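Please walk me through this model in the viewer, one selection at a time. I would like to know what to select next and what is there.

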Amino acid sequence: MSWSLFLERTKTNTEPYGEEKDEDVIPFTKSEILACIADMPETMNISIENSESNSVDVYSKEWWIDIWFWENCLYSENSYHVVELEIKAASEPKEFLLLLAEKLGARLFDMHAGSFWTADGTGFSDWKSHCNKIIKAVFGENG
């Protein structure tokens, strides 16, 4: 299971999710996002794989993120109005997410919480708790 965040950017970054106007969207390019990740501090020990595919793998020792460039999210040729991040981790990759959003001038929408992600929010911990409940229900207490 993964925790899903949508990366999006508009002129003001203040609109409620789903109420963005096309003329206010500032689309992303894959190369822009990859350059941003490559520019992260070396101390984060980030690796990137499959950069030529529609699902780019970005990971460190503590977490793994699949970055999805969905064709149905194309804004125009080679640009996307939203990009999905599927996060698999035991702990929240806050530093990475903060830097990514800050460097891109973007926001992250937490699909589980139904609100925009903040580093001091509970989105990841709520998602993790939900996953643990599912694991216990399916596999029992020793899941």
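For the first stop, an axis is a line fitted to C-alpha atoms, for helices over the stretch in contact, and angles run from 0 to 180 degrees between N-to-C directions. The model is predicted.

Select residues 30–38, which form helix H1, and residues 94–104, which form helix H2. The axes of H1 and H2 come within 10 Å and cross at roughly 130°.

Next, show the side chains at the contact. On H1, select Glu32, Ile33, Cys36 and Ile37. On H2, the partners are Phe96, Leu100, Lys103 and Leu104. Six of the residues in this contact are nonpolar, two are charged and none is polar.

Stay on Cys36, one of the H1 residues in the contact. Cys36 is buried, with a relative accessible area of 8%.

Is Cys73 buried or exposed? Its relative accessible area is 12%, so Cys73 counts as buried.

Last, look at the two sulfurs together. How many disulfides does the structure hold? It holds zero. The closest cysteine sulfur to that of Cys36 is in Cys73, 19 Å away, which is too far for a bond. A disulfide needs the two sulfur atoms within 2.5 Å. Seen from the other end, Cys73 is in no disulfide, and its nearest cysteine sulfur is that of Cys36.

Technical notes: Residues numbered from 1 in each chain as written. Predicted model: local features only at pLDDT ≥ 70, side-chain atom pairs only at ≥ 80, totals over all residues. Heavy atoms only, no water. Helix = DSSP H or I, 4+ residues; strand = E, 2+ residues; numbered from the N terminus. Contact = heavy atoms within 4.5 Å. Nonpolar A, V, L, I, M, F, W, Y, C, P; charged D, E, K, R; others polar. Buried < 20%, exposed > 50% of the residue type's maximum accessible area, 1.4 Å probe, protein only.
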